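Subject: Structure for you to look at, with notes

Dear colleague,

I am passing on the structure below, together with notes on what was found in it. Please read the notes with the model open beside them.

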Amino acid sequence: MSAEAALDSQARAKVFGIGLNKTGTLSLHEALEFLGYRSLHHGGMETMSLVQKAIAEGKPMLTPLDPDFEAFTDIFGLTYHFYLADVQYPGSRFILTVRELDDWLDSRRRHVEKNREMNAAGQYQDGFLKVDLELWEAEYVEHEAVVRGYFADRPDDLLVFKLIGGDGWEPLCEFLGHPVPEAPFPWTNQFRPSAASR
């Protein structure tokens, strides 16, 4: 176990990955775990429903989740209601993963096509089954603009992390106050539609 993992989890601020899916959220999750955070990635429809229910009831968003989790990535309610997390969990750190728009759209399309195949085989029950590139593009542009606008006067609380564009340990560790590991950054789900992206 690393020195970071031995830190008192209650003494550290929560870390919210608030990038949309297919922007490197799984790699971010694995990097956070390597740095010693207990991280929750996605969690499926059940986690999404629990978070949405807490929001609807006016409760802190993390109330229904295991309190030992310190970091969260690719969880629908947390991604889109990051401003509530900011209010409910003061001192939290926010990481917006971003990537080139065309590559992101292609990655999402391939993801949905895979979901459809799995759904037809009875292996996938979630609802991410429709390709809508125009809607997705608007969603991506709006989400990034809203996040950047919200943190415009607080740049120290937000890391815009172009993980799929080559950002690795250095900006992440500087943002979170950790030494840079000697181990390689944990890239996952790599796909190269062009020489410049994964």
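The largest share of the lining of the largest pocket comes from H5, which supplies seven residues. A pocket here is an open set of points on a 1 Å grid over the protein atoms alone, with protein on both sides within 12 Å along at least five of seven lines, and lining residues have an atom within 4 Å of a point. About 1200 Å³ of space lies in this largest pocket, where a volume is the space filled by probe spheres set on the points, and grid points are joined across faces, edges and corners. The elements that give two or more residues to its lining are helix H1 (25-34), helix H2 (44-56), helix H3 (76-80), helix H5 (101-120) and H6. The lining of the largest pocket has 45 residues, and Asn21, Lys22, Asp74, His111 and Phe128 are the ones that lie nearest its centre.

Before going further, please keep in mind that this is a predicted model, in which local features need pLDDT of at least 70 and side-chain atom pairs count only at pLDDT 80 or more, while totals for chains, interfaces and linings use all residues. Residues are numbered from 1 along each chain as its sequence is written, and side-chain values use heavy atoms, with hydrogens and water left out.

As for the chain as a whole, there are seven helices and five strands, where helices (H or I, at least four residues) and strands (E, at least two) are DSSP runs numbered from the N terminus. Read from the N terminus on, the elements run β-α-β-α-β-α-α-β-α-α-β-α. Of the 198 residues of the protein chain, 43% count as buried; buried means under 20% relative accessible area, exposed over 50%, and partly exposed in between (1.4 Å probe, protein chains only). The protein chain exposes about 10300 Å², of which carbon and sulfur atoms supply 53%, the accessible areas coming from the Shrake-Rupley method with a 1.4 Å probe and, for residues, with only the protein chains shown counting as cover. Among the contacts in the chain with a separation of 6 or more, 72% are accounted for by residues 24 or more positions apart, a contact being heavy atoms within 4.5 Å.

The count also comes to one cavity of 30 Å³ or more, a cavity being a set of grid points where a 1.4 Å probe fits but cannot get out. The largest cavity holds about 30 Å³ of space and is lined by Leu20, Leu96, Thr97, Val98, Tyr140, His143 and Glu144. Strand E4 (93-97) and H6 each supply at least two residues of this lining, and H6 gives the most, with three.

Helix H6 (residues 133-150) also contains tyrosine 150. Together with Tyr83 and Val87, Tyr150 forms a nonpolar patch on the surface, with about 280 Å² of accessible area for the three together. Patches are made of residues with over 30% relative accessible area and no salt bridge, like charges being joined within 9 Å and nonpolar side chains (Val, Leu, Ile, Met, Phe, Trp, Tyr) within 5 Å. Tyrosine 150 itself is partly exposed, at a relative accessible area of 31%.

Turning to charged pairs, the count is 13 salt bridges, each being a side-chain nitrogen of Lys or Arg within 4 Å of a carboxyl oxygen of Asp or Glu. Glutamate 57 takes part in a salt bridge with lysine 53 (2.7 Å, N to O) and in another with lysine 59 (3.1 Å, N to O). Glutamate 57 is partly exposed at 41% relative accessibility, as are lysine 53 at 48% and lysine 59 at 39%. Within helix H5, arginine 110 and aspartate 106 lie four residues apart, about one turn of the helix, and their side chains meet in a salt bridge (3.1 Å, N to O). Salt bridges that share partners also join Asp86, Arg93, Arg154 and Asp157 into one network.

Lastly, a loop residue may deserve a look. Histidine 81 lies in the loop between H3 and helix H4 (82-88) and is buried, with a relative accessible area of 18%. Leaving aside residues up to four places away in sequence, histidine 81 touches Gln52, Ile55 and Met61.

With best wishes
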